[in-house]
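Hi,

Here is the structure I promised you. Have a look at it first, then read my notes below.

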Amino acid sequence: MTVAPRTAAATGTPEFAVIGGGLVGWSIAYGLARQGRRVVVHDEGDLALRAARGNFGQVWVQDKGAGVPAYHQLTRDSAAQWVDLARGLRDASGIDAGLQQPGGFSFCLDTAAFDARARLMRRIQSEAGDFGFEFEMLDRGSLERRLSGGPALGPKVVGASYTPYDGHVNPLRLLRALYESAIALGATHRFGAPVEAVDPVVGGDGFEVRTTWGSAWVPQVVLAAGLGNERLARMVGIRCPVRPVRGQVLVTEKVQPVLSFPTADIRQTDEGGLLLGSSQEDAGFDDRVTIGNSGAIARRAVDTFPFIGGLRIVRSWAALRVMTPDGLPVYEASQTHPGAWVVSCHSGVTLAAAHVHGVAAAIARGRLPSQYAHCSAARFATAAPSAAVREAHVPQPA
Ligand SMILES: Cc1cc2nc3c(=O)[nH]c(=O)nc-3n(C[C@H](O)[C@H](O)[C@H](O)COP(=O)(O)OP(=O)(O)OC[C@H]3O[C@@H](n4cnc5c(N)ncnc54)[C@H](O)[C@@H]3O)c2cc1C
């Protein structure tokens with residue numbers, strides 16, 4: 001068993017170990033490296049459950065944060081910073097994450113859904129106060145005029161909400177770009193060895209990060225292990241009750257550009273395929289594709305745009321979201337073990353800019369500012385589960 005010397009500054013050994021090489025982990029690692037910090041990322045490897053490799057790729061704002069305006073603002077700020085993030089990643093790594101941010105539509109297939117949507121949008125707007133929130137509720141006629149020249153709408157579509165903040169990226173290129181950019185700034189990684197334990201050293205002198213390969217000492221750790229955070233966070237005195245929420249995604253054959261905007265559940269990638277998704281299912285750790293739910297996703301897509309019914313499905317997958325009981329992120333500094341941090345969320349694409357520019361910079365400074373108070377893990381001591389702030393833009397398939 002090898003243990004590094006406890007003199008990070010003198011020897012150039014990492015100041016931070018980030019546990020988890022998904023979107024959240026690499027966003028934090030890149031953000032720390034941008035602050036001049038030495039970082040090592042530990043990742044479990046290819047057999048792990050990884051939302052970062054199976055998500056829908058949206059920078060999605062429009063229905064986030066009803067009841068928690070600070071979360072809406074966090075999401076909006078991140079979406080607004082995405083242009084800078086994409087530019088920085090392109091400069092550092094040469095990889096274009098493929099950001100397109102034309103605003104997004106959420107289609108309603110019956111009047112009740114349209115009315116509920118309008119209420120949700122009005123609520124977010126009234127709670128936003130001076131921060132403001134622009135949205136439009138478009139009835140079918142207005143929607144047809146807005147989308148004229150685009151694909152015909154299905155007969156069930158009664159209208160849609162639109163906000164100018166939404167967009168989408170290529171999530172795999174995003175992950176690669178974060179990785180390459182962090183590495184270019186000196187970050188290192190250990191892949192293929194799950195972290196078994198993070199042991200606080202007695203006396204507050206950093207942490208032993210124990211893997212199947214051996215252990216290493218670091219002054220600070222950031223737990224960003226997705227669903228693995230539930231177990232690891234307890235080792236540093238933090239409750240992080242994340243659970244899996246399965247989402248299924250279908251991909252069509254490539255076609256000519258036909259959709260110039262993302263909808264809540266359909267988007268066309270820059271390579272031409274249409275992504276149809278993504279359900280929200282309580283299926284435990286089962287990440288298999290099921291015919292019932294993928295059929296419901298396909299049916300809704302065809303109800304929205306009938307031309308999709310003529311396309312071939314070429315691929316499908318399921319992946320597990322990292323969900324807290326109230327749907328809000330967890331950004332926490334350990335009170336009992338200073339130097340340990342926890343970062344978890346279910347919108348790691350949307351919040352990538354906030355994680356790189358805001359959360360990682362705060363961790364580098366050693367303090368989470370009050371703007372993240374709603375993300376404190378302290379709420380789990382008393383908070384009851386709430387559905388008010390869940391990622392509510394995709395209806396649950398039957
Ligand atoms: C179907 C689906 C659609 C989604 N769509 C969107 C979307 O459109 N927009 C959006 O913003 N978000 C979306 N998300 C959510 C987004 O993908 C996640 O928020 C993000 O990937 C979470 O990243 P993460 O790094 O926390 O977790 P993960 O991606 O799960 O990564 C966790 C990493 O930690 C590692 N790990 C775990 N345990 C250990 C351990 N003990 N030791 C070492 N390493 C460990 C794993 O190897 C893994 O690489 C979607 C998710 C799903 C599943």
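The ligand is surrounded by 38 residues, and the closest are Asp43, Ala52, Val195, Gly348 and Thr350; a residue gets into this shell if one of its heavy atoms lies within 4 Å of the ligand. Bear in mind that this is a predicted model, where local features need pLDDT of at least 70, side-chain atom pairs count only at pLDDT 80 or more, and totals for chains, interfaces and linings use all residues. Residues are numbered from 1 along each chain as its sequence is written, and side-chain values use heavy atoms, with hydrogens and water left out.

Now for the polar contacts (pairs of N or O atoms within 3.5 Å). A backbone N or O atom of Gly348 is 2.7 Å from a ligand oxygen, and one of Gln58 is 2.8 Å from a ligand nitrogen. At Val24, a polar backbone atom sits 3.0 Å from an oxygen of the ligand.

By class, the shell has 16 nonpolar, 16 polar and 6 charged residues. Here Ala, Val, Leu, Ile, Met, Phe, Trp, Tyr, Cys and Pro count as nonpolar, Asp, Glu, Lys and Arg as charged, and the others, Gly among them, as polar. Domain 1 (12-54 + 172-242 + 325-381) and domain 3 (243-323) each give at least three residues to the shell; the bounds come from an automatic or database domain assignment.

Strand 16 gives the most to this shell, with 3 residues. Strands here are DSSP runs (E, at least two residues), numbered from the N terminus.

Methods:
Polar contact = N/O pair within 3.5 Å; in protein donor to acceptor, adjacent residues only side chain to side chain. Helix = DSSP H or I, 4+ residues; strand = E, 2+ residues; numbered from the N terminus.
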